[in-house]
Structures are given as C-alpha cells and as structure tokens.
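Here is a friendly tour of a protein model, taken one piece at a time. Keep the picture at hand as you read.

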Amino acid sequence: MLKHLFKLIWNKKKQHFVLMLEILVSFLVIFAVFTLVVYYYQNYRKPMNFDYERVWAVQFRIEERPTTYDSMYLFFGTLQNQLKSMPEVEAVSFTSNNIPFAMSSTQNNVNYEGLHIQQVNDYTAEDDYDNVLGLSLQSGRWFSKEDAGAKYRPVVINHFLKERLFGSGEAVGKLLDKGSERPLKIVGVINDIKEHGDYQSVESAIYRRADTSSYHWMEELLIRVKPGANVAFEGRLYKALASHLKSAMIEIEHLTDKRRARNNMTLVPMIIMMIVAGFLVINVALGLFGVLWYNINRRKSEIGLRRAVGATGQSISRQLVSEALVLSTIALLVGCFFAVQFPLLNVFDMPASVYLIAIGLSVLFIYALVVVCALYPGKQAAAIYPAVALHED
Amino acid sequence: MLKNYFKIAIAVLKRRKFFTFISLFGISFTLTILIVLTAFLDHLINPQYPDTKRGRSLYLNTTTRIHTKHQSYSNGPMSFYFLNKYVHSMKTPEKVAIASIFLPTNTYVNNKKMVIDMKYTNAEFWDVQEFEFLEGRPYTAQEIANRDHVAVITEETKREYFGEETAAGKYIEADNVKYRVTGVVKSVPITLLFSYGNMYVPYTLSKTEIGNTGIGGSYTAIILARSKADMSKIQEEYQQVIARVPLPDNEYDKLLSYVDPYLTSFTRTLFGKDESSGVGTFILIISIFALFFMLLPTLNLININISRIMERSSEIGVRKAFGASSRTLVYQFIIENIILTLIGGILGVVFSAIIIAIINNSQMLPHLYLTINFTVLAWALLACLVFGLFSGVYPAWRMSRLQVVTALKAQ
C-alpha cells in the first residue's frame with residue numbers, strides 16, 4: 001500500500017515539488033519556534049530558589065568617595081547601620097552591579113587543578129546577602145565576620161559550577177585559582193538561582209566576599225524590607241540615603257518590577273515571533289487545503305472509477321489523507337536532516353534534548369496540520385458518486 | 001491590451017473565490033507585517049522630532065579603548081571633559097551638542113513615586129535639537145556657567161508633577177535637589193537615544209562627572225555641520241584629533257572613535273569591526289530576514305497559481321491553438337499575477353494603517369508615533385512587485401510549456 005502511494009507521488013514529482021518545498025520550509029520555521037518554546041519552558045520549570053518579593057535595589061552613582069580604607073569602611077558601615085536601624089528594614093547588603101534581573105553582568109574565569117572554566121558570573125557581596133535574597137545552601141555556609149582577614153579569600157559557588165568543577169565530589173574547603181596572587185577558598189555551595197529571570201538558563205556563579213577594596217567601586221545596595229513597607233517609607237529611605245550619599249545620583253527599584261521587565265525582554269520578542277509564525281502557518285494551511293481540494297476535484301474520474309470497482313468512501317478518503325502524509329514525510333525527512341545538525345554540531349549551546357523534543361513536536365505539528373487540511377477534501381472525495389463522476393468524463 | 005489583461009484577471013479572480021481569498025490573505029498579511037516593520041525602521045532611522053537636523057548632523061555615542069597586547073578592551077560613552085576638550089574645540093563644526101545618556105532618578109510627590117530620566121546637557125544642545133517649547137524657554141549658557149539649579153522638563157513630567165497648571169518658574173525636586181523650571185517641551189520617545197529624557201539640566205550640576213578627566217563617562221555628542229559638504233571634513237578633522245589624544249592609563253594603548261551619520265553610529269556599535277561601519281551587515285541582515293519571511297507566502301502563492309493555471313488549461317489550449325506564442329501567455333500570466341499582488345498590496349496598506357493606528361493609540365512605547373510615509377509606501381510597492389514577479393514566473397513557465405493537445409484534452 002505504502003509503496004503504491006510512493007509510486008503515485010513519484011509519478012507526479014514535478015507537480016508536488018513546490019508543495020514539498022513549502023512543507024519543508026514550514027517545518028524549519030516551526031522547528032525554530034518550538035526550539036525556543038521548549039528551551040524557555042524547560043528553564044521556566046526550574047525553581048527560582050530565591051525570594052525577590054520584598055527586595056529593593058538602590059543604585060547610587062557616586063564619584064567622590066573617601067580615599068583611605070578606614071574612612072571608606074566607616075562611610076559605608078555608618079550607612080549600613082543607619083539603614084539597619086530603620087524598623088522596616090530586615091537585611092542589607094552592598095553588592096556589585098550584577099544584582100538579580102539587572103542587565104549588567106560580570107564574568108570571569110575560574111581555575112581548579114588544570115580545569116579552566118570560562119564565563120563564570122562573578123558577584124561581590126556582603127555577609128548578609130544570603131538573608132537579603134533568601135538563598136538556600138546546599139552544603140557549607142555563607143561567609144561571615146570570621147572570614148575577615150582569612151588567608152584565602154572566601155567564596156561561595158553555585159551548584160551548577162560545583163558540578164562542572166567537582167562532579168558529585170565535595171566542594172567545600174577546596175582552593176580555586178591556586179598559584180594566583182590570592183587563591184579562593186570555597187566555604188559553601190548554594191542551590192542554583194535564576195537571577196536573569198524566569199526563562200533564562202542557569203549559569204555558573206561565584207560569590208566573593210566584599211572587602212575594603214571592593215568599596216572603591218561598589219554602587220549597588222540590596223535591601224530586604226518588612227511586609228507593609230510602603231511608598232511613604234520609600235520616600236524616607238530615599239531622604240536618608242541622599243543625605244548620607246551627598247554626591248550621588250540615587251535610584252530605588254523594586255526587584256519585582258525588575259523581574260517583570262527582564263521577563264518581558266524574553267517574552268516580547270517570543271510573542272512577536274509566535275504571531276509571525278502563526279500567520280505563516282495559517283497561510284500555509286490555507287494553501288495546502290486549497291491545493292488538496294483542487295487536486296481531488298481534478299481526480300474525480302479516477303476516484304469514480306475506484307468507487308465503481310468497489311472501494312468504500314472511507315477507504316477513498318483514507319487513501320487521499322495517506323497520500324498527503326507520504327508527501328509530507330518526504331519533506332520532513334529532508335527537514336529532519338537539517339534540524340539534526342543543530343544538536344550534532346552543538347549550535348547555540350543549547351542542550352541536545354531541547355532540539356530533539358523540538359524536532360519531535362514539529363514533526364507532529366506538521367502531520368497534524370496536513371491531516372487537518374486533507375480531511376475535508378478527503379471527505380468530499382468520499383461523497384463522489386461513481387455514476388456522476390464517470391458520466392462527467 | 002493591458003486593459004484586456006486586467007479584465008481577464010478580474011474575471012479569473014471572481015471565478016474561484018476561495019483561491020482568491022487565500023492569495024489575497026497571504027499577500028496582504030505579509031505586506032502588512034513588512035510595512036509595520038518598515039515604519040518602525042523608518043522611525044528609527046529618519047529625522048524625527050526633535051532631532052530634525054539629522055541630514056547634517058554627525059553623532060558620537062561610544063569610543064573603544066583597546067589594549068592590543070592583553071586583548072582587553074573597554075567600550076562606552078565618553079566623559080564631558082573629553083568631549084568638551086577634543087570635540088567642542090574642533091574648527092569645522094557649526095555647533096556641538098553634548099548631553100549625557102539618560103540617568104534615572106527618583107522623586108516622591110504626594111506619596112507617589114516618580115522615576116525621572118535626567119539628561120545633563122550643554123547650551124548648544126537646545127540649538128542642535130529643535131524642541132518644541134510649550135512653555136518658557138531653554139536654560140542659557142550663562143545659567144549653566146552660574147551653576148543655577150534650572151531645568152527643562154517634558155510635558156509628561158509636568159503633568160505628573162504639577163498637574164494641569166503651568167510649570168515654568170515653579171520648582172521641581174529631583175534627586176533631593178530643587179530645580180527651577182525654565183521651560184516645558186513636548187515629550188520624546190525613548191527610541192531617540194540622543195534626545196530622550198524627562199528632565200534636562202545643565203551639565204555643570206552633574207554630581208558624577210566632577211573631576212572625571214578620563215575618556216570614559218556618560219556623555220554623547222551631536223556635531224552639527226554648516227552644510228552637508230562639511231560632514232566629511234569634520235570626520236577627517238576628528239580622526240586627526242583622536243590621533244593626538246593622550247591615553248592616560250597604561251591599561252589601553254589604542255583609541256578608536258568615529259563620528260558618524262545617525263544610522264552608522266549605531267550599526268558601528270552593533271556590527272562594526274575595526275574600521276568597517278557595519279551598515280552593509282545591517283542591510284544584509286534586514287534583507288535576508290525580509291526575503292526569508294516572504295519565502296513561505298511566495299511558495300504558497302506559487303502552489304496556488306499552479307493549481308489555478310492547470311484549471312485554465314482549456315483556455316490556454318484554445319489560445320495556443322489560435323496562434324498565441326508562449327511568450328504572450330507568460331506575459332499575460334505575470335501581469336495578471338502582479339495585478340493580484342497589487343490588490344493584495346492595497347489591502348496590506350489598509351491593514352497596516354489600522355495596526356499602526358492601534359500601536360500609536362496603545363502607547364506601547366510612550367510618545368512613539370509611527371507613520372506610513374512615501375518611503376514606506378515605496379518599499380511596499382517594491383515588495384509587491386518582487387512578490388508578484390517571483391510567484392508568477394515559475395507557474396507561467398510551467399504553463400507556457402503545456403502542449404496544445406494535452407491542454408485541450410484536459411477538458
């Protein structure tokens with residue numbers, strides 16, 4: 001049966017060539033859309049692992065800072081104490097600019113025993129950072145006052161980086177960047193957090209403890225507020241900050257807003273792409289429908305003859321749908337050949353599973369589309385009366 | 001002859017309404033999306049309020065400092081000091097507007113939070129940019145030199161802060177400092193990076209730029225040439241100036257900086273490499289996208305057209321039997337197809353006008369007003385012709401090869 005169908009299509013290959021080309025291109029477009037959807041969905045399902053609800057970010061662009069280490073420490077320490085003494089404030093931490101949901105990022109290399117890992121997100125934070133963001137530790141501890149003046153600079157890494165460095169082995173206590181000016185000592189491992197928004201993948205991260213030299217350039221502050229802290233408090237907080245940081249421009253943002261903005265940056269292009277792809281699919285579906293319908297009308301005599309020799313209406317309609325499916329299978333085989341190159345050549349650095357799931361979904365989608373478009377013409381063909389059709393001829 | 005073809009085309013369109021609908025749907029929606037995109041690009045590239053002198057303006061938004069040995073590099077806007085010392089002192093330009101990138105800051109009015117995007121400017125900014133003043137006037141060079149706390153605000157900021165009353169002469173508090181409002185201007189959309197801000201204040205009030213004598217900072221410049229012919233002279237002079245700039249820190253040993261026309265100033269940052277401006281890459285990317293996007297609807301149209309032609313094989317057979325050459329038939333069919341795409345094009349323009357009206361009304365990007373102008377329409381027409389030609393040629397060729405006997409027999 002299948003062989004017979006192939007023969008039927010092969011005989012009309014010229015006529016079907018454009019149709020197959022169209023199905024092939026549609027498959028590639030759908031594949032691109034599904035790849036992104038699957039990728040974002042897989043990321044979306046992972047837990048955030050931190051709490052941004054009541055966290056405010058303060059950016060202070062400051063040029064005139066105290067020059068000596070001591071006065072710098074005093075300057076930032078006083079501000080921190082002043083903030084902590086406010087009844088609405090729960091925890092405070094100065095950080096580097098790459099706060100959650102921010103656009104800016106800092107990346108660095110990490111070395112361990114010949115392993116050289118590039119593009120590790122590099123954060124500088126204070127002792128209370130884990131409380132501000134509600135981070136959960138997998139092993140070890142977050143850094144604290146006892147780390148001050150330690151021989152090695154204490155760092156916390158995330159689970160993702162731990163897996164890459166040590167596999168399932170223990171990370172706490174190990175030394176990184178050995179042989180450099182100041183090696184790093186891992187004191188804790190935190191669960192992966194999605195600080196780039198709900199749809200972003202998890203990346204390697206390393207958190208360094210802020211020391212006096214960090215205060216030369218830090219211009220970001222994260223504050224966890226208690227429930228009920230309102231705009232009136234924000235106004236007071238602003239005044240307090242402005243009176244302490246006299247030469248700075250200050251902006252207070254809420255992480256909830258930043259999260260929405262960051263998610264939109266992913267979602268808006270995605271939605272535009274899906275609208276465009278949706279339009280293309282409707283276009284293709286209508287065309288497919290029209291061509292199949294037309295072809296059936298032209299084959300009336302052939303169908304009439306088959307009916308006359310005893311084929312049921314159902315088998316006629318089944319034949320026409322299968323013909324369309326065989327046609328799309330040829331196009332899909334070529335399409336899959338191209339699509340499979342993505343996981344094989346590791347393009348765009350996405351997990352292979354994303355591509356494979358996307359290929360599967362796109363194949364199903366195209367088949368479903370073809371079946372839907374062929375059903376009605378098939379039903380029409382089934383309704384052809386042999387007498388009428390043969391008489392017409 | 002053409003009139004005849006037109007009549008035939010309309011007759012054919014009326015015969016198979018479903019196919020006509022599919023064709024028109026494909027053509028009009030493809031064009032709608034292309035026109036909306038073109039309108040957006042047109043908004044980004046062509047002169048807009050208040051940056052109306054783009055024709056003779058050159059822009060400077062970033063410089064790149066490179067260390068050739070360490071392969072480290074730094075890229076970003078410049079310091080006021082750098083622009084004032086090296087760009088403002090150039091001889092050829094008529095005026096140099098220096099303004100910071102917009103810097104957000106908060107203010108709290110009646111228990112309501114407002115985010116104000118501040119822009120620090122020099123006095124020439126107001127001459128180069130043709131802002132429409134709804135109230136008052138810009139601040140003067142004298143006020144800037146005096147470090148007076150003066151500000152120009154936009155209509156939107158005025159409405160949020162002062163409500164409906166007049167604002168000129170009143171005081172606005174931002175960043176814990178009180179500024180006297182000298183004027184109110186019509187708002188600018190955020191897409192115009194060189195002009196956008198909610199509040200404009202003298203550069204002398206900037207807290208962050210005091211004492212910054214490095215190259216990097218947060219300022220950009222617009223250089224206004226006396227005439228179009230002067231633009232290349234300015235570019236040459238700027239390269240000479242750049243060659244003389246001392247690099248203060250040992251971190252970097254090479255300074256790359258260009259003053260460019262508007263579009264180039266962005267493509268250079270996005271796609272430029274070394275000396276190349278990136279405009280070519282930009283146009284290539286846009287064209288590839290448009291072509292690929294049109295590929296599916298075109299294939300669809302070819303498909304439908306083939307079916308259509310086969311349906312008309314009897315007509316073709318008769319015409320061939322009476323001596324019409326293949327070429328005549330091909331012309332006829334291509335013209336028919338172009339007529340079809342033009343009708344689709346007109347529908348597309350109507351649809352896109354509706355969509356653009358919706359975008360403008362919804363204010364997805366505040367103060368952004370897209371328009372369909374002649375440039376956009378010309379591009380749409382071109383797209384229509386390309387569309388019609390591409391989707392007409394292959395079916396027409398197939399048709400012309402039809403044998404008279406087969407064609408007549410098919411009936």
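## A helix and its cover

Let's begin with what lies over the buried residues of helix α3(A): the cover includes β1 (55–61), β2 (89–95), β10 (220–225) and α6 (231–244) of chain A. Helices (H or I, at least four residues) and strands (E, at least two) are DSSP runs, numbered from the N terminus. This is a predicted model, in which local features need pLDDT of at least 70 and side-chain atom pairs count only at pLDDT 80 or more, while totals for chains, interfaces and linings use all residues. Residues are numbered from 1 along each chain as its sequence is written, chains are lettered from A and ligands numbered from 1 in the order in which they are written, and side-chain values use heavy atoms, with hydrogens and water left out.

Which residues of α3(A) are buried? They are Met72(A), Phe75(A), Phe76(A), Leu79(A), Gln80(A) and Leu83(A), where buried means under 20% relative accessible area, exposed over 50%, and partly exposed in between (1.4 Å probe, protein chains only). Seen down the axis of α3(A), these buried residues fall within an arc of 120°, so they line one face of the helix; the arc is that of the directions from the helix axis to the C-beta atoms. The face turned away from the buried side carries the exposed residues Asp70(A), Tyr73(A), Leu74(A) and Asn81(A).

Among the buried residues of α6(A) are Phe233(A), Glu234(A) and Leu237(A).

## Where the chains meet

How many residues of chain A are in contact with chain B? There are 46, and they touch 44 residues of chain B, contact meaning heavy atoms within 4.5 Å. The area buried between the two chains is about 3900 Å², of which carbon and sulfur atoms give 66%. Buried area is the accessible area (1.4 Å probe) that two parts lose on being put together, summed over both. Met249(A), Phe279(A) and Tyr294(A) supply 18% of the area that chain A buries against chain B, more than any other three residues.

The rule finds two salt bridges across this interface; a salt bridge is a side-chain nitrogen of Lys or Arg within 4 Å of a carboxyl oxygen of Asp or Glu. Lys113(B) and Glu234(A) meet in a salt bridge through their side chains (2.8 Å, N to O). Elsewhere, Ser26(A) sits in helix α2 (residues 13–45) of chain A. Leaving aside neighbours within four places in sequence, Ser26(A) is in contact with Val284(A), Ile366(A) and Leu296(B).

Most residues other than glycine have a negative phi, and most peptide bonds are trans. Phe101(A), though, has a positive phi near 65°. Phe101(A) lies in the loop between β2 and β3 (107–112) of chain A and is buried at 2% relative accessibility. Glu113(A) also has a positive phi, of about 45°, but Glu113(A) is exposed, with a relative accessible area of 56%.

In chain B, the peptide bond from Tyr49(B) to Pro50(B) is cis, with omega near 0°. Pro50(B) is found in the loop between α2 (17–45) and β1 (57–60) of chain B.
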